[in-house]
Amino acid sequence: MDTVLPVVFAVCAALSNAVATVLQRMAALTVPSSQGLRAGLILDLLRRPVWLLGMLAVITAAVCQAVALVTGPLTIVQPLFVLELPLTLIVASVLMHRRLPASGWASVAVVVVGLAVALAAAAPSGDRTRVALDRWIPALGVCLGLVAVLTLMALRRPHGAARAACLGAATAISYALTAALLKTSTHILDEEGIVGFLTAWQTYGFALTGVCALFLLENAMQAGPLVASQPALTLGDAAVSLALGITLYEETVRTGWWLLPQLLGVAMIAAGIVALSRTALNESLVATDEKAPVA
């Protein structure tokens, strides 16, 4: 399978998401935070032009992601979104006129090299375009159940790292499930046209899970430090997408001794993500613990 096209569009989607993340975080920090999941948060953000620009970037990312998913395996496309955090900090350094320190650039390099090693060793492949309902039912049940459990766990914890980590993980699962549903929907659009697309349950499924993911993400941004939410979000999305690609779409990755370089790549990615999450630049992108939440 030719992987150039899905890789290019996946990277473009990651870049668009990075721009969206910076703009959305800048907007999210201008509205009151809450101990609960405040439904009015989205209404407040709709009044911020910066957040609306961020949503345009989200739409661009969604289009690029759809093209990537319709032309390549889920197990290739979604792991490339690991690049979103490095790209986010680079974009933030430009838009906020802040310097990314040398250690930050070193961490970016670690993430990129780790991703290259992991994907090269895994060599994901697969070309299934449709998934039977009997495969979707358990996948939906497990994913939605985990999202519900993680969200309830977050609500039982105060503003801080544990709350942010739970919401970040719930967001990751929602994003991975959205991508899996989007992959089928884009293939239906390609094969059956707009009528088939609008009558497919997967279309409404990815719309609902996408909105859920956005809602959880906005609340995760305000729940605590990025070092808690971002690793869970970034690594969780890649891991759950890998599992869904294998179980739903019968995509394959190399096993045996190839697992060693794959684990090395994952370890490098994790180390780089944690290091990037601790950079001083993130102080301008996330709510601090000193910011008092609104009841």
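Analyst: R130 and E192 meet through their side chains in a salt bridge, 2.8 Å from N to O. R130 lies in the loop between helix 6 and helix 7, and E192 lies in helix 8, so the pair ties together parts 62 residues apart in sequence. The model is predicted.

R130 has a further partner. E191 forms a salt bridge with R130, with the closest N and O atoms 3.2 Å apart. This pair also links distant parts of the chain: E191 is in helix 8, R130 is in the loop between helix 6 (102-122) and helix 7 (133-155), and 61 residues separate them.

Now the accessibilities. R130 is partly exposed, at 32% relative accessible area. E191 is partly exposed at 46%. E192 is partly exposed, with a relative accessible area of 46%.

The search of the whole structure finds three salt bridges. Another of them joins R135 and E250, whose closest N and O atoms are 2.5 Å apart. R135 lies in helix 7 and E250 in the loop between helix 10 (226-247) and helix 11 (259-277), so this pair ties together parts 115 residues apart in sequence. R135 counts as partly exposed, at 29% relative accessibility. E250 is partly exposed too, with a relative accessible area of 37%.

Shared partners join R130, E191 and E192 into one network of salt bridges.

Helix 8 spans residues 161-199 and also holds S174. S174 is buried, with a relative accessible area of 4%. Its side chain reaches the backbone oxygen of A170 at 3.0 Å. Beyond its neighbours within four places in sequence, S174 is in contact with V147, T209, C212, A213 and L216.

Definitions and conventions. Residues are numbered from 1 along each chain as its sequence is written. This is a predicted model: local features need pLDDT of at least 70, side-chain atom pairs count only at pLDDT 80 or more; totals for chains, interfaces and linings use all residues. Side-chain values use heavy atoms; hydrogens and water are left out. Helices (H or I, at least four residues) and strands (E, at least two) are DSSP runs, numbered from the N terminus. Buried means under 20% relative accessible area, exposed over 50%, partly exposed in between (1.4 Å probe, protein chains only). A polar contact is a pair of N or O atoms within 3.5 Å; within protein, one must be able to donate a hydrogen and the other to accept it, and residues adjacent in sequence count only if both atoms are side-chain atoms. Contact means heavy atoms within 4.5 Å. A salt bridge is a side-chain nitrogen of Lys or Arg within 4 Å of a carboxyl oxygen of Asp or Glu.
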